[in-house]
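Open your viewer and have the selection tool ready. We will take a few stops together.

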Amino acid sequence: MTKLVNDPSDFPAQLVEGFIEANRRYVRPVFGGVVRATKSTPGKVAIITGGGTGHYPAFTGWVGAGLVDGAVTGNIFSSPSGSQAYSVGKAADQGGGVIIGFLNYAGDVLHFGQGAERLRADGLEVRTCVVTDDVASAPMDQWNTRRGIAGGLPVLKMASAAAEEGMNIDEVVGVFEKANSRVRTFGVAFSGCTLPGASEALFEVPAGQMGVGLGVHGEPGIYETERGTADDIAGLLVDKLLEERPDGADGRVVAVLNGLGAAKYEELFVTYTSVAARLRKAGLDLVEGEVGEFMTSLDMGGVSLTLIWLDDELERLYLAPCDTAAYKRAPLMHEPLPDDVTFNVEPEALTVRREGSEASRAAAKHIVEHLRRINEQLVANEARLGELDAIAGDGDHGIGMVRGSRAAVEAAEELVASGAGAQTALVGAGDRWSERAGGASGALWGAALTAAGNALGDDDEVDAAAQARALRALVSSIQSLGGAELGDKTMFDAQIPFVTAFEGAVAAGESASAAWKAGAQAATDAAEASAELEPKRGRARVLSQRSVGHADPGATSFALIARTVAEHCD
Ligand code: ADP
Ligand code: MG
């Protein structure tokens, strides 16, 4: 849904105006669209492109050195007129003739054809060329009748680089056609787009489904199916494109994963991991990967994958520099690192430098059991902790605690299996907790487990007194790292009453089990009482008033953890 809109009928003109305003170093306005704001080599073949608006960065974003010379802009999703194409072509002409390259939609064919006629009537040498990369729009044996989609950019890029090299108009047309015969795109759509001012989407894809091969304006796809995972979609796209490998292709490819408007870059990268792996597995030489938005349809949900099957000439032209508002390819500023320079991509391996004493190893086994139950309880309470954190924070406390505790269990298990004592197991668990959990609580819990482990050592018996010392160290580490004071509404508010009660019970000669129960009760009461407080630390302090009346998430999860240990302590 388009939210930033004035009078919807002014939307196309205003977006072009704003684009020009923001990109004066690249484009100048001309009736019907934009042309380069920089000088071109006299006699160079000019290439103009265009079509409806609503597809940014197509088409204005591609105007500039090394790419197209001008773009003709129509209304949202509708072709510009012949007179507009004429005007842009005339302004772009450098004396070497004009190629109008576009995406093979019926309206574009008519209007750009008329524009070409008018330019010819003025004595210019003019050619029209179409991009036909969408494999879903016609069978292979009619490939040159297909519509054009995200393959428009690479085809125009390679033809433009040829023009920039000084090729004549026939040669540039030859490059355009060869490039087009080696560029294929396949896409899926998850949701339709909404025209500015409209309240309903132009078309709909049923929830959880995807339209396979759906066109960028909602033109019918091949079929609808379950959406599946990012990997499933990557597989579908890659497999289809591999069926269409052009004759004579030597296996060098560029892959372009394109978001159609509502796909997030994060989602695209997740999908691209699988795309790249599949292409390599198919034996292809992945020369370059591009991930982003190259051809959109307003806020349409979906992705497309384009494969560009290179040869020597196309590789040179594809990699040639260009500089436009939306697409740049610059020479590297510095030499690349040699291939044999690599970095550790895994965290430092967990190692047991010295085996723990028998007593400490036995304690470490108990610690693993407790961590496992803590993780289970955090999983069961993940949503509730997230909701508490969402009141004034960012809603990730449950996710973070689950992720951190799972990593801690795994680390401690692995270490204990190699003979770790309590210290080694807890220090390793703390490292992994903070690595995986992220967030303030992740850092604090990581430090806390490490501090507790260091207090226990790898040799000593872990009796009630040792536990009291370790828990005091745990709480002190939270305070020294986080700097919180009592009453700041953090986990610390539950921890101080907890450790005080625990120490009191131990001093009174009670068992560790009784001490845990006393501590857990104190932590639970304090976590509940934290509802009255206003947060002074962490993310929640910004919206602190909202938090009043609700318990602190970190204090709540701490109390939960204390109860979980207390219930299984004997
Ligand atoms: P983030 O705030 O980074 O999103 P979480 O949501 O996982 O991290 O954890 C939030 C909890 O962390 C808070 O409820 C609070 O108990 C605790 N917290 C935040 N900052 C501090 C601090 N400086 N000292 C102690 N605890 C803190
Ligand atoms: Mg949070």
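**At the magnesium site**

Asp 394 is partly exposed, because its relative accessibility is 37%; by the cut-offs, buried means under 20% relative accessible area, exposed over 50% and partly exposed in between (1.4 Å probe, protein chains only). This is a predicted model, in which local features need pLDDT of at least 70, side-chain atom pairs count only at pLDDT 80 or more, and totals for chains, interfaces and linings use all residues. Residues are numbered from 1 along each chain as its sequence is written, chains are lettered from A and ligands numbered from 1 in the order in which they are written, and side-chain values use heavy atoms, with hydrogens and water left out.

Now select ligand 2, the magnesium ion: Asp 389, Asp 394 and Asp 396 are its protein donors, each through OD, at 2.0 to 2.2 Å. Donors here are N, O and S atoms within 2.8 Å of the metal (3.2 Å for Na, K and Ca); water is not among the atoms, so sites may look incomplete. Along the sequence, the donor residues follow the spacing D-x4-D-x1-D. Click on Asp 396 as well: its relative accessibility is 30%, so it counts as partly exposed.

**Zooming out**

Colour 8–192 + 210–329 as domain 1 and 358–567 as domain 2; these bounds come from an automatic or database domain assignment. Between the two domain centres, taken over C-alpha atoms, there are 55 Å.

**Helix α4**

Next, select residues 152–165, helix α4; helices are DSSP runs (H or I, at least four residues), numbered from the N terminus. How many of its 14 residues are buried? The count is 12, including Leu 153, Met 158 and Ala 163. Step past the helix to Gly 166, where phi is positive, near 100°.

Note on methods: Helix = DSSP H or I, 4+ residues; strand = E, 2+ residues; numbered from the N terminus. Expected span 1.5 Å × (residues − 1).
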